[in-house]
Amino acid sequence: MMAHSLSSEELARLPACAAIAAAKGLDERYLGDCAIRAFQGRHIVDICEALGLACDISTELVIQGGIGTLIMRWGGNQRTLAPSLLQQAAGAIATAAATAGRALTGRPVTVDAETRDRRLAACQACPLWRAAEDRCGACGCITRAKAALAASRCPEGRWP
Ligand code: SF4
C-alpha cells in the first residue's frame with residue numbers, strides 16, 4: 001500500500017501531543033517531533049488506536065518532524081534522522097566533486113529525461129520525501145536537482 005503521511009491535524013489529535021498543539025498550533029515540525037518521540041518505540045496499533053484509524057498488517061504510517069522521519073509498520077518501525085547541515089554540506093560537496101570529475105573526463109553530468117523522471121517518481125512514492133519542500137528526508141537534497149545529476153545516488157537505494 002502507499003504510505004500515509006500523518007497530517008498536522010491528525011498529529012494534533014494525539015493526547016501525547018496535546019500540550020505541543022496548544023503551544024505551537026499546527027506546526028508540523030513540533031508536532032512531528034512530539035509524535036516521533038512518543039511512538040518510536042511503540043507498535044503501529046497504539047497510534048492507530050489513539051487516532052481512531054483502522055489499521056491492519058498492510059498499513060504504513062509516516063510521521064515527519066524536524067528531527068527526522070518515523071515510518072511505522074506492523075512488523076516494526078524505521079527511524080531516519082534528519083541530516084545535519086554539516087552532513088548536507090558534505091553530501092553536496094561530494095556530489096559536486098563527482099560531477100566535476102565527470103565533466104573533466106568528458107562523461108555526461110546529467111541523466112536523460114527518462115532516468116530523471118523514473119528517479120523523481122521513486123522519490124514521490126518514498127515515505128522519506130518531503131513534498132512541501134521537494135526535499136529528500138534522508139540527505140536533505142532538493143529532489144528535482146538531485147535526480148537530474150548523474151553522480152547522485154539515493155541514500156536508501158530506492159531509485160530504479
Ligand atoms: S533520494 Fe531516495 S531516500 Fe531520498 S526521497 Fe528519493 S527515493 Fe527517498
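Guide: In this predicted model, the protein is divided into domain 1 (4-80) and domain 2 (85-148), and the centres of the two domains, taken over C-alpha atoms, are separated by 28 Å.

Visitor: What makes up the contact, and how many residues does it take from domain 1 and from domain 2?

Guide: Two residues are in contact if their C-beta atoms lie within 7 Å, and the contact takes 6 residues from domain 1 and 5 residues from domain 2. On the side of domain 1 that touches domain 2, β2 (60-65) and β3 (68-73) each supply at least two residues, with the largest share, 3 residues, coming from β2. By class, that side of domain 1 has 2 nonpolar, 3 polar and 1 charged residues.

Visitor: Why does α5 lie largely in the open?

Guide: A residue is buried if 20 or more other C-beta atoms lie within 10 Å of its own; of the 20 residues of α5, the number buried is 1, and therefore the helix lies largely in the open.

Visitor: How do you know what span helix α5 (residues 85-104) should have?

Guide: The expected span is 1.5 Å times one less than the number of residues, so the 20 residues of α5 should span 28 Å, and the end C-alpha atoms are 28 Å apart, which agrees. After α5 comes G106, whose phi is positive, near 80 degrees.

Visitor: Which classes of residue form the shell around the ligand?

Guide: The shell has 9 nonpolar, 1 polar and 2 charged residues. Among the residues around the ligand are C123, C126, C136 and C154, as well as W129, T143, E156 and R158.

Methods. Residues are numbered from 1 along each chain as its sequence is written. This is a predicted model: local features need pLDDT of at least 70, side-chain atom pairs count only at pLDDT 80 or more; totals for chains, interfaces and linings use all residues. A residue is near a molecule or strand if its C-beta atom, placed from the backbone, lies within 6 Å of it. Ala, Val, Leu, Ile, Met, Phe, Trp, Tyr, Cys and Pro count as nonpolar, Asp, Glu, Lys and Arg as charged, and the others, Gly among them, as polar. Domain bounds come from an automatic or database domain assignment. Helices (H or I, at least four residues) and strands (E, at least two) are DSSP runs, numbered from the N terminus. A residue is buried if 20 or more other C-beta atoms lie within 10 Å of its own, exposed if 12 or fewer, and partly exposed in between; C-beta atoms are placed from the backbone.
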